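Hi,

Here is the structure I promised to pass on. Have a look at it first, and then read on for what turned up.

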Amino acid sequence: MLNRFFNKNLKSNEPKVRIRTKEELQIRRYEFLKICEILDKLNIRYFLQGGLLLGAIRHNDFIPWDWDTELGVFTNEVSPKIELLINEIILSGFTIKKHVEELSRLKIDFIGKLSGDVTSYSIMAYNHDKTKKIFWRYTYGMTTKIPDHFLINMKKIKLFDRYHLVQIGRAHV
């Protein structure tokens, strides 16, 4: 019912915003877990963010109408391994759409079996400023800042039969 209502009430020029089919979500799940395996293999810690994190908490699954899957990593862990990571992503059947190696904006955007309108993946790196007690990255002309206690004190949640780091914080730092 939600699928029919949601898809019927969207403008036809919004192909990204629609309920994904069961098959599309199964492919995304397989590919997401493959990305997690790659990061684990390279000893790069990652954490869920954006709609992926919201879906994990709210649906214990992907948000059915979300098209992007975003993972955060730490610049100091990923920058020395960026070429290895890109190579592993490609060898695993993904297509790199864009990557930025500049430390303040380090990011890899890629797709798998499905088009980017159906599912896309992003790995975004965060820098740690210990003096200011923040993690930050430069995105779309602005600096995104996260108080460091949210990423230093991460916990794990279960999604798709494995555990993933998620951001948490303390009420008082």
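The largest nonpolar core has 33 residues, and Phe32, Leu39, Leu48 and Leu85 are the members that touch the most others. At least two residues of this core come from each of α2, β1 (46–49), α3, β2, α5, β4, β5 and β8. Helix α2 gives the largest share, with seven residues. A second, separate core has nine residues, among them Phe47, Phe74, Phe135 and Ile146. Please keep in mind that this is a predicted model.

For the overall picture, the chain has six helices and nine strands. Of its 173 residues, 46% are buried. The exposed surface comes to about 10000 Å², and 54% of that is supplied by carbon and sulfur atoms.

Next, helix α5. Which residues of α5 (residues 82–91) are buried? They are Ile82, Leu85, Ile86, Glu88 and Ile89. These residues span an arc of only 160° around the axis, so they sit on the same side of α5. Leu84 and Leu91 are exposed on the other side of the helix. The cover over the buried residues of α5 includes α2 (22–41), α4 (75–78), β3, β4 and β5 (120–129). Leu85, one of the core residues named above, touches Ile38, Leu39, Leu42, Ile44, Val78, Ile108 and Ile123, leaving out residues up to four places away in sequence. Just after the helix, Gly93 has a positive phi of about 95°.

Phe62 is in the loop between α3 (50–58) and β2, while Thr69 belongs to strand β2 (residues 68–74). Phe62 has a relative accessibility of 4% and therefore counts as buried; Thr69, at 2%, counts as buried too. Beyond the residues up to four places away in sequence, Phe62 touches Leu25, Arg28, Arg29, Phe32, Leu52, Gly55, Thr69 and Phe160. With its own neighbours within four places set aside, Thr69 is in contact with Arg28, Phe32, Leu52, Phe62, Thr119, Ser120, Tyr121 and Ser122. Phe62 and Arg28 are 34 residues apart in sequence, with 8.7 Å between their C-alpha atoms.

Asn43 gives a contrast. This residue lies in the loop between α2 and β1 and is exposed, with a relative accessible area of 62%. Not counting residues up to four places away in sequence, Asn43 touches Glu77 and Lys81. Asn43 and Val78 are 35 residues apart along the chain, and their C-alpha atoms are separated by 9.0 Å.

There are two hairpins to look at:

- Strands β3 (residues 95–100) and β4 (residues 107–111) run antiparallel and are joined by five bridges. The hairpin between them passes through six residues, and His99 stands opposite Ile108 in β4.
- Strands β8 (residues 155–159) and β9 (residues 162–166) are also antiparallel, with five bridges between them. Lys155 is opposite Val166 in β9. Two residues lie between these strands, and Phe160 takes a positive phi near 60° in this hairpin.

- Asp161 and Arg29 meet through their side chains at 3.6 Å, N to O. Asp161 lies in the loop between β8 and β9 and Arg29 in helix α2, so the pair ties together parts that are 132 residues apart in sequence. Asp161 counts as exposed at 66% relative accessibility, whereas Arg29 is partly exposed at 33%.
- Lys34 and Glu37 form a salt bridge at 3.8 Å, N to O. Because they are three residues apart in helix α2, about one helical turn separates them. Lys34 is partly exposed at 27% relative accessibility, as is Glu37 at 43%.
- Asp109 and Lys107 form a salt bridge at 3.6 Å, N to O, and both residues are buried.

How values were computed
Residues numbered from 1 in each chain as written. Predicted model: local features only at pLDDT ≥ 70, side-chain atom pairs only at ≥ 80, totals over all residues. Heavy atoms only, no water. Helix = DSSP H or I, 4+ residues; strand = E, 2+ residues; numbered from the N terminus. Buried < 20%, exposed > 50% of the residue type's maximum accessible area, 1.4 Å probe, protein only. Contact = heavy atoms within 4.5 Å. Pairing = 2+ DSSP bridges. Areas by Shrake-Rupley, 256 points an atom, 1.4 Å probe, with all protein chains shown as cover. Arc of directions from axis to C-beta. Core = buried A, V, L, I, M, F, W, Y, C linked by side-chain atoms within 4.5 Å. Salt bridge = Lys/Arg side-chain N within 4 Å of Asp/Glu carboxyl O.
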